[in-house]
Amino acid sequence: MAGCRLWVSLLLAAALACAATALWPWPQYIQIYHRRYTLYPNNFQFRYHADSAAQAGCVVLDEAFRRYRNLLFGSGSWPRPNFARRHPMLGKNVLVVAVITAECNEFPNLESVENCLETFSQLVWKSAEGTFFINKTKIEDFPRFRHRGILLDTSRHYLPLSTILDTLDVMAYNKFNVFHWHLVDDSSFPYKQEASRPRDTPQEMWNWVVGAKALSLCAVSHSPCFVAEKPLEKSSLEELGVPGLLTPCYSGPHPSGTFGPVNPSLNSTYDFMSTFFLEISSVFPDFYLHLGGDEVDFTCWRSNPSIQAFMKKKGFDDFKQLESFYIQTLLDIVSDYDKGYVVWQEVFDNKVKIRPDTIIQVWREEAPVAYMKEVEQITKAGFRALLSAPWYLNRVTYGPDWKDMYKVEPLAFHGTTEQKDLVIGGEACMWGEYVDSTNLVPRLWPRAGAIAERLWSSNLTTNMDFAFRRLSHFRCELLRRGVQAEPISVGYCEQEFEQS
């Protein structure tokens, strides 16, 4: 694991309204001193410690240094400091970074270094005269949960590649570390297999272009990426030209002309899935795949005589057994490619036999039980749990709904220490039925920041007034960085006047 220690300086400003007291998310430990230093943009540089396992030439960190220098000072030139003044200010021109492990171009191995750079960038502040300061500050920090994600749904509405990449940048500012890409659903299957991809696809045919960029997406997000699939759901899979992949629905004795979930009775289904996930595993080299399994409607299966005959042959008297058969076969296919897997909670609720290392994602707030009871039951059964139910950002209410998300305690259930260790974190979900590039950014930020802090900071960091002041300041910092984050209350940001 990479790491860096920041013993740097920050200013308390006249009314103690400094950047240190506005850090987001709040660190595990922080001590701020009154001594302050001046940063001179023309001279400031990031530098590798002599004993660092990574040195100059580490592409990921070299790029991170360049990016954060621009975030701090911009790309322009600054006036040279006047050292002839009677009382010269203490200056700091170097931030020294030490990396413990030598895998310099691997994520998430360098994630903690990126997080340190983000913290450092938030500690720096600028006076009214334009001078950059930083107070001497000691910070010891680490995330409370290892999985801190955002689900982005691109199956319901087109999102330009630039919008996705911008989202990954803001995720890094908030110290999210998992991008859950919900790529396909009933509405569309915007992924083309390698064999069917045209050589010269128009720009609007973003499906395979984004797939080809997957490796860079994962790198930019500094994290594992998820490919979220819904292999049981009826979708535009028939457009793939795979005969028999979907189940024909019947009206009485005759086909109705509509289709239902994937047909689990045919060997050709699993041949396709094996080929499909082999390609997915190469296009998306990260460890986890999301195999879906939510909201599966058994109506079409129930109407199909071939499905009924298959169930009779297998001795299945319940469609949940058929679902279990399909999921188990799919898990075997994915595990052959050394992939991990996540499923929605219905797979667990329907008592599908799943492998012990399966991660269960909890998304239903009340049914069949309250979401904390669901987490309790999942962990009691020995499975790892991922919480999303209280964090659906696509749901918008009037007023500061971020507070409700901030108040959620992911471990507020009855269970043993071992059970609570099985809660690996959570994800904020942005479903796309009513979201596209015109409203994604203000709907996502800074509200998602409330979830970021809940997953990063200590469970003792709960003071709502303190959070409000810091999140308000952080929203202004996002504006300064070009992110059109919505306001969380009445007020203004200085950046708004600078832009006008």
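1. Is serine 52 buried or exposed in this predicted model? Serine 52 counts as buried because its relative accessibility is 7%, where buried means under 20% relative accessible area, exposed over 50% and partly exposed in between, with a 1.4 Å probe and protein chains only. Its place is in the loop between strand 3 (45-48) and helix 1, helices (H or I, at least four residues) and strands (E, at least two) being DSSP runs numbered from the N terminus. If residues up to four places away in sequence are not counted, serine 52 touches Val97, Ala98 and Val99, contact meaning heavy atoms within 4.5 Å.

2. On conventions, this is a predicted model in which local features need pLDDT of at least 70 and side-chain atom pairs count only at pLDDT 80 or more, whereas totals for chains, interfaces and linings use all residues. Residues are numbered from 1 along each chain as its sequence is written, and side-chain values use heavy atoms, with hydrogens and water left out.

3. The structure holds two disulfides, a disulfide being a pair of cysteine sulfur atoms within 2.5 Å. Cysteine 249 and cysteine 300 form one of them, with their sulfur atoms 2.1 Å apart. This pair links distant parts of the chain, since cysteine 249 is in strand 10 (residues 246-251) and cysteine 300 is in helix 7 (residues 299-303), 51 residues apart. The torsion about the S-S bond of cysteine 249 and cysteine 300 is about -115°, so this disulfide is left-handed. Cysteine 249 is buried, with a relative accessible area of 11%, and cysteine 300 also counts as buried, at 6% relative accessibility.

4. A disulfide also joins cysteine 476 to cysteine 493, with an S to S distance of 1.9 Å. Here too the pair links distant parts of the chain: cysteine 476 is in helix 16 (residues 464-480), and cysteine 493 is in the loop between helix 16 and helix 17 (494-499), 17 residues apart. Because the torsion about the S-S bond of cysteine 476 and cysteine 493 is about -75°, the disulfide is left-handed. Both cysteine 476 and cysteine 493 are buried.

5. In soluble globular proteins, nonpolar side chains tend to be buried together. A nonpolar core is taken here as a set of buried Ala, Val, Leu, Ile, Met, Phe, Trp, Tyr and Cys residues joined through side-chain atoms within 4.5 Å. The largest such core has 111 residues, and those with the most contacts inside it are Phe46, Leu61, Phe120, Phe277, Leu291, Leu387 and Trp445. Its largest share, eight residues, comes from helix 1 (residues 59-73). The core draws at least three residues from each of domain 1 (19-140) and domain 2 (147-464), with domain bounds that come from an automatic or database domain assignment. Apart from this core lies another, of nine residues, among them Val296, Phe316, Phe319 and Leu322.

6. Tryptophan 445 deserves a separate comment. Leaving aside neighbours within four places in sequence, tryptophan 445 is in contact with residues including Ile150, Met171, Phe176, Leu478 and Val483. The peptide bond from tryptophan 445 to proline 446 is cis, with omega near 5°, and proline 446 lies in the loop between helix 14 (440-444) and helix 15 (447-456). The peptide bond from tryptophan 24 to proline 25 is likewise cis, with omega near -10°, and proline 25 is found in the loop between strand 1 (6-8) and strand 2 (29-39).

7. Helix 9 (residues 319-335) has 17 residues and reaches 24 Å from its first C-alpha to its last, close to the 24 Å expected at 1.5 Å a residue, that expected span being 1.5 Å times one less than the number of residues. Its buried residues include Phe319, Leu322, Tyr326, Ile327 and Leu330. At the start of helix 9, a side-chain oxygen of aspartate 318 reaches to within 2.8 Å of the backbone nitrogen of lysine 320.

8. Phi of lysine 175 is near 65°, a positive value in a residue other than glycine; lysine 175 lies in the loop between helix 3 (161-173) and strand 8 (178-182) and is buried, with a relative accessible area of 3%. Glutamate 295 has a positive phi of about 50° although it is not a glycine, and its place is in the loop between strand 12 (288-290) and helix 7.

How values were computed: Polar contact = N/O pair within 3.5 Å; in protein donor to acceptor, adjacent residues only side chain to side chain.
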